Amino acid sequence: MEDDSQEKKPQVLVLPQMLHFLKTYAASSEVDLQRALSTYKMYESKEAVKRLQNELISIKASKVAPAVLDRVISKRRITRYGSYERFAELMILWLLQAKT
């Protein structure tokens with residue numbers, strides 16, 4: 001018998017690196033995220049940067065539960081970018097452009 005339910009995307013329920021980045025480097029929604037990412041990349045380990053990049057890729061692919069995104073990133077911060085996916089896309093770009 002076939003399952004009539006739609007195939008569900010895996011839901012990421014935690015974003016520890018994103019939470020650390022936002023609390024430590026971008027505590028205010030007014031912070032220049034591009035500059036904050038550059039600072040993050042300068043001071044954090046390569047492994048931490050890679051984990052943040054992986055979390056951003058999950059956000060961009062809509063694999064993170066909306067409640068988690070609302071809690072960690074916040075709707076107020078996201079109004080500037082239009083969507084969490086667009087936010088993640090820009091963050092990935094800025095992270096790759098940031099000098100070490």
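Predicted model: local features only at pLDDT ≥ 70, side-chain atom pairs only at ≥ 80, totals over all residues.
Residues are numbered from 1 along each chain as its sequence is written, and side-chain values use heavy atoms, with hydrogens and water left out.

The protein contains 6 helices and 0 strands. Helices (H or I, at least four residues) and strands (E, at least two) are DSSP runs, numbered from the N terminus. Along the sequence the pattern reads α-α-α-α-α-α. Of the 100 residues, 39% are buried. Buried denotes a relative accessible area under 20%, exposed one over 50%, and partly exposed a value in between (1.4 Å probe, protein chains only).

Helix α1 (residues 16-25) packs on helix α2 (residues 33-43) at an angle of about 110°. Their axes lie 10 Å apart. Axes are lines fitted to C-alpha atoms, for helices over the stretch in contact, and angles run from 0 to 180 degrees between N-to-C directions. The two helices, α1 and α2, are therefore roughly perpendicular. That class spans 65 to 115 degrees; angles under 35 count as roughly parallel, over 145 as roughly antiparallel, and the rest as oblique. From α1, the contact draws on Gln17, His20, Phe21 and Tyr25. From α2, Leu33, Ala36, Leu37, Thr39, Tyr40 and Tyr43 take part. By class, this contact of α1 with α2 holds 7 nonpolar, 3 polar and no charged residues. Here Ala, Val, Leu, Ile, Met, Phe, Trp, Tyr, Cys and Pro count as nonpolar, Asp, Glu, Lys and Arg as charged, and the others, Gly among them, as polar.

Helix α6 covers residues 84-97. Its 14 residues should span 20 Å at 1.5 Å a residue, and the end C-alpha atoms are 20 Å apart, which agrees. The expected span is 1.5 Å times one less than the number of residues. Buried positions in α6 are Tyr84, Phe87, Ala88, Leu90, Met91, Ile92, Trp94 and Leu95. The cover over these buried residues includes α1, α2, α3 (46-60), α4 (66-72) and α5 (75-78).

Across the whole structure, 2 salt bridges were found. A salt bridge places a side-chain nitrogen of Lys or Arg within 4 Å of a carboxyl oxygen of Asp or Glu. Side chains of opposite charge can pair when their charged atoms come close. Arg86 is partly exposed at 37% relative accessible area, and Glu89 is partly exposed at 38%. Lys75 pairs with Asp70, their closest N and O atoms being 4.0 Å apart. Lys75 is exposed at 56%, whereas Asp70 is partly exposed at 29%.

Two serines show positive phi values. Ser62 has phi near 60° and sits in the loop between α3 and α4. Its relative accessibility is 28%, so Ser62 counts as partly exposed. Ser74 has phi near 85° and occupies the loop between α4 and α5. Ser74 is also partly exposed, at 22%.

How values were computed. Contact = heavy atoms within 4.5 Å.
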